[in-house]
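Here are my notes for someone opening this structure for the first time. Have it on screen and follow the points in order.

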Amino acid sequence: MGLKDKLHKLKLKYKDKKIAPAFNAIHTFLYLPNETTHSGAHVRGADDLKRTMNTVIMALIPCLIFGMFNAGYQHHLAAGEIEAVTNGFFSSGFWSLDNLTVGLWKVLPLVIISYGVGLAVEILFAVIKKHEVEEGYLVTGMLVPLIVPVDTPLWMLAVAVIFGVVIGKEVFGGTGMNILNPALTIRAFLFFAYPTWMSGDKVWVHGAVERANEIAGGAELDAMSGETVLGALAQGKELTYSVSDMFLGFIPGSVGETSAILILLAGLFLIFTKIGSWRIMVSAVLGALVMGLIFNGVVSAEWINEGSKFYSLMSTEFWHHLIIGGFAFGVVFMATDPVTASQTNKGKWIYGFLIGFISILIRVFNPAYPEGVMLAILLMNVFAPTIDHYVVQGNIKKRMKRLKLKTA
Amino acid sequence: MSKDIRIRKGLDIKLVGEAEKVTVDAIRSNVYAIRPDDFHGIVPKVVAKQGTEVKAGEPLFYSKSNEKMLFPSPVSGEVIEIVRGAKRKILAFKILGDKEQKYADFGVKDVNSMSGDDIKSHLLASGCWPFIKQRPYDVIANPDVAPKAIFISGYTTAPLAADSDYVLEGKEKELQTAVTALSKLTEGKVHISVGKKGNSPLSGLENSTIHNVSGPHPAGNVSVQIAKIDPINKGEAVWVVNPQDLVVIGELLLTGKFNAERTIALAGSSVKTPKYFKTKIGAEVSSVVYASGVHDEGNIRVISGDVLTGENVKPDGYLGYYHNSITVIPEGDDYELFGWNKPIFNKISPSRALTFSWLFPNKKYELTTNTNGEHRAFVVTGNYENVFPLDIYPLQLLKACVVNDLDAMEQLGMYEVAPEDFALTEFICVSKQPHQQIIREGLDLMLKEIG
């Protein structure tokens, strides 16, 4: 008797038992279920939610791998153990085993905690509410480790994941019903609950915080600095990274957000597979460019002088905003979340544009934390239903007008 | 006058087993069945009790809400059984067909000299009225409400459906008579749409407006054509008739006989030699299915109608009242190892998420009844719109139906749709939601609450 038959027998055995959703979640990962159509169309398309989510995960994997190497690279670089690489994307100094070891050691636990805790909560709710485990968390669980600083304590992450999944999603009714993007809810929780671990110039490089504590304790060591590009700009410091470093991703930042080129490729992949909304991605980039140009215009019109604390971020070349910070990652992977984004095609243009626009606005004007994409997306998540409402009203008005013409 | 209608949004589902254009006479069915469920929303009141001998065209039952609306027997014979289900609901009238068919005589009529009211009462009395359906609500037309127009779609786009151009060949006279009769029932026009490339017998008819339609499925759906020609507003009604049923109506007027004969397509990948059969409404499907032979007999689904909107009638079932085809496809009652993430070449997908049907636009597929995934909440957005040519927000309308929001349903265009319009969105739905059922229940609720 093959595995297939054994699992089928188990499925029948567990049917109508409390454990059924948990078992089915695992079963359906191995086998596409034997369900047949009961009403309506007798044949169905090949895509299901698992395939859709899996496609997003495939797009995320390169970012994860890059993030692991980068975690090690930034650590060794800040510790002064290696030189900065200069030979382009495939520099051997970056893709070294040493770097990967640090990455595996630091990043894999984040992934495991994120999935372990999140899926446990999901299954728990599925069992209590007697529905199947929905696939939404597959993507969320992969996003979360990629948008936190590498040294985030694991217990903190676990608390945040529980908060995000329960308050951000399950209280609304689970996957498909939530208002806010769960991954960003988790990120926002961390940001507001443990701000010292989520911002500043130490948290972005593995070991920097530890080293700072040792120095404070009296140890004779060189401080490790791990400022993000945005952090440096916000304080008006000289940039030590070239544009190509930023584009390729050899800069400090949250685990998976640094490599603009990989995110660009992932975005193109999602558009090609028709899984991600190209409307949101394109309009968000447009929105960011427009805001960037406005700020550049303000600088060149000399409405602001060099002494201003906003000067260096405002004067940043407008298109550089696309490749620094978490903007690209947020736009490609978070803004396009179909549940929390606008659901109408017209609405998506507006929604995406405003995300880009507001991201850069917050980024420049937020004195405490020079990053805006998280707050911009969360804000627009809240307004997405409003945008949709007006887009749909347009359709309704057209229908009303037709009726009036007819009866007039 | 002819106008062109071109549809861009949609999806042609290309399946193996298209019926070859050869028509043979089906072996005579012993028993014929009429299922009141085919007439959505009708509560039957029995006229022909068990044991009654009926002629073809004599009523089996009438509608509880309108006793003038009669539902005829397709053949002459003895009513051998009235099958009842839970709460004694009538599931089917079974008639043992006579070898020599006897027809009730309704009299030869000259359509041109009849008034609209004459035609209406003649159609009601002869049992031809149920062929006329109405929008909104996709139910049998209410004879007391005058329609603003009548629509006939002679363009076939549904997968493996019977080709109207082929099955109507040589029926011009009946079609013309029926169209002339219908044109007297409305103050508006009778709109007939035909395929732009086809050679439809409908395209030469008088007393009507002809429209040339092109584009992928659902261009052949009458709702799509109505929306392009003369959209339905609140408070209006339009009537809709299938072209095959026009033939029955026309023959009734010309000869006085109710002849339920029709040419149906037997199609689907499980059929060995798919072709056309001449049979009658309510015939046993086995009388055609096994004549052509089927592959893997234990594992088939027999559908009365097409794969998108038909009904699962099982091999011992009967041809539905409105159906022009029988489709037989393999059941998909099996597991598939890593079926959710491995690359897929043998199924149709609107995406490119490791599904490769976009590489082979002309390939014909052998789809099973597997759902390819489990039921989920609505998650993905924007994909229904690609296959939904009406100027309606499909996702929003579905959600309005799910939560029984009558105001929203009305505003979002519920009067303009029928369940069949959501067959394609249902086909591509990532969350495997039962769209047609949701829309049907929504329409029923509206009919009950608003009327």
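**Notes on chains A and B**

1. Let's start with a helix pair: helix α5 (residues 136-146) of chain A packs against helix α7 (residues 182-193) of chain A at an angle of about 35°, and their axes are 8 Å apart. Helices here are DSSP runs of H or I with at least four residues, strands are E runs of at least two, and both are numbered from the N terminus. The axes are lines fitted to C-alpha atoms, for helices over the stretch in contact, and angles run from 0 to 180 degrees between N-to-C directions. The crossing of α5(A) past α7(A) is right-handed, the term for a near helix turned clockwise from the far one by less than a right angle.

2. Who meets whom there? On the α5(A) side you'll find A:Thr140, A:Leu143 and A:Val144, facing A:Pro182, A:Ala183 and A:Ile186 in α7(A). Sorted by class, this contact of α5(A) with α7(A) has 5 nonpolar, 1 polar and no charged residues. Contact means that C-beta atoms, placed from the backbone, lie within 7 Å. As for the classes, Ala, Val, Leu, Ile, Met, Phe, Trp, Tyr, Cys and Pro count as nonpolar, Asp, Glu, Lys and Arg as charged, and the others, Gly among them, as polar.

3. Before going further, keep in mind that this is a predicted model: local features need pLDDT of at least 70, side-chain atom pairs count only at pLDDT 80 or more, and totals for chains, interfaces and linings use all residues. Residues are numbered from 1 along each chain as its sequence is written, while chains are lettered from A and ligands numbered from 1 in the order in which they are written.

4. Chain A is assigned domain 1 (46-274) and domain 2 (277-408); such bounds come from an automatic or database domain assignment. The C-alpha centres of these two domains of chain A lie 23 Å apart, with 33 residues of domain 1 in contact with 29 residues of domain 2. On the domain 1 side, α7, α10 (229-234), α11 (243-248) and α12 (260-272) of chain A each supply at least two residues. α12(A) gives the most, with 7 residues. That side of domain 1 of chain A has 21 nonpolar, 10 polar and 2 charged residues.

5. An unreviewed UniProt entry lists several "transmembrane region" spans in chain A, including 278-298 and 348-366. UniProt positions are given in the numbering used here, feature names are shortened, and annotations may be inferred rather than shown by experiment. In the model, residues 278-298 of chain A are 100% helix and 0% strand, with end C-alpha atoms 30 Å apart. Residues 348-366 of chain A come out at 95% helix and 0% strand, and their end C-alpha atoms lie 26 Å apart.

6. Over to chain B, which is assigned domain 1 (20-27 + 261-330), domain 2 (31-97), domain 3 (107-255) and domain 4 (371-449). Domains 1 and 3 of chain B have C-alpha centres 24 Å apart, and 15 residues of domain 1 are in contact with 9 residues of domain 3. β16 (261-267) and β20 (325-330) of chain B each give two or more residues to the domain 1 side.

7. Strand β6 (residues 59-63) of chain B pairs with β7(B) over 4 bridges, where pairing requires at least two DSSP bridges between two strands. B:Phe61 stands opposite B:Phe71 in β7(B).

8. Finally, how do the chains meet? Their contact takes 62 residues from chain B and 50 residues from chain A. On the chain B side, α9(B) gives the most, with 4 residues, and the classes split into 25 nonpolar, 23 polar and 14 charged residues. There's a strand link too: strand β1 (residues 31-32) of chain A is joined to β21(B) by 2 bridges, running antiparallel. In that pairing, A:Leu32 has B:Glu336 as its bridge partner.

Definitions and conventions. Contact = placed C-beta atoms within 7 Å.
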